[in-house]
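Trainee: I would like to learn how to read helices and charged pairs in a model. Where do we begin?

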Amino acid sequence: PSHFDLSPATTDDTVTPQIDSVACEIIPVLDLMHGQIVRGIAGRRESYQPIQSQLLDSARPLEVANTFQSQLGLERVYLADLDAIQHDQPDWDTLDALVAAGHRLLVDAGPRNTDRAVRLIEHRVDSVVAGLETLDRPELIAELVEAVGNRQLVLSLDLKNGQPMINAGTWPDPTPLGLATMAVDMGIQRMIVLDLAGVGTQGGPSTLELCRQIRRRFDEIELITGGGIRDLDDITAAANAGVDAVLVASALHDGSLLETT
């Protein structure tokens, strides 16, 4: 299981560093832009550059995903298609190649309507991620639940410095907890709490108090968080806040997470 062993494959069975005390899945992030995996830093997408990684010497999506799976045993992958999110131009070829290789994908391809979400399911992604950033009205959440079902739909509660990335005037309760509550009332059973300001900064997760509040209110939902995860201590803190899984990119590529194992 991906949350039990992060040690690279080795023939020396006398040293098998594990993190089996951490009941929190690690989901690696692929930020896809112009056909390459880029390093996201604080949501400043205009400055994103192809990754530099200690795991491999490539920014090709399939090679990066294969490395996460073969070296680290990470089974699910979160794919943010930034060309789709920013310019409404999904990279279907890369998506299909990853699915064909057997990767279980949670994909945010900026669904602004149910057609995009349904098409993602037709392309055999594991889960469709609908980010607040690209949802222009609350009713769309319920429409997406009806279109693809709450087992395959994940709502991403997109924040920047703690503030929801929405047009507040179109939402009845634009607070983070209010938005989470409304989403669950509409049928959402899986949720990501992501603060873009923390992504790639190695600053530690800023979302854990909100995650605690959501978990206290809704004990049955799948809860994922991300943004600034540095090491095992951060992952343990997330697990203690009631989080089921964490999104991680920089700490894997930089080696800071692997060093702590």
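**Reading charged pairs and a helix**

Mentor: Arg76 is buried, and Glu25 is buried as well. Keep in mind that this is a predicted model.

Trainee: What do the side chains of Arg76 and Glu25 form?

Mentor: Side chains of opposite charge can pair when their charged atoms come close. Here Arg76 and Glu25 meet in a salt bridge, at 2.8 Å from N to O. Arg76 sits in strand β4 and Glu25 in strand β1, so the pair ties together parts that are 51 residues apart in sequence.

Trainee: Which distant parts of the chain does the pair of Asp126 and Arg104 link?

Mentor: Asp126 lies in the loop between α4 and β6, and Arg104 in strand β5, 22 residues apart. Their closest N and O atoms are 3.7 Å apart. Asp126 is partly exposed, at 28% relative accessibility. Arg104 is partly exposed too, at 35%.

Trainee: How are Glu209 and Arg212 separated within helix α7?

Mentor: By about one helical turn, because they are three residues apart in that helix. Their side chains meet in a salt bridge of 3.0 Å, N to O.

Trainee: How many salt bridges does the count come to?

Mentor: The count is 14.

Trainee: Now helix α1. Which of its residues are buried?

Mentor: Pro61, Val64, Ala65, Thr67, Phe68 and Leu72. Seen down the axis of α1, the buried residues fall within an arc of 155°, so they line one face of the helix.

Trainee: What span should its twelve residues have?

Mentor: At 1.5 Å a residue, α1 should span 16 Å, and its end C-alpha atoms are 16 Å apart, which agrees. Gly73 follows α1, with a positive phi near 70°.

Conventions: Residues numbered from 1 in each chain as written. Predicted model: local features only at pLDDT ≥ 70, side-chain atom pairs only at ≥ 80, totals over all residues. Heavy atoms only, no water. Helix = DSSP H or I, 4+ residues; strand = E, 2+ residues; numbered from the N terminus. Expected span 1.5 Å × (residues − 1). Buried < 20%, exposed > 50% of the residue type's maximum accessible area, 1.4 Å probe, protein only. Arc of directions from axis to C-beta. Salt bridge = Lys/Arg side-chain N within 4 Å of Asp/Glu carboxyl O.
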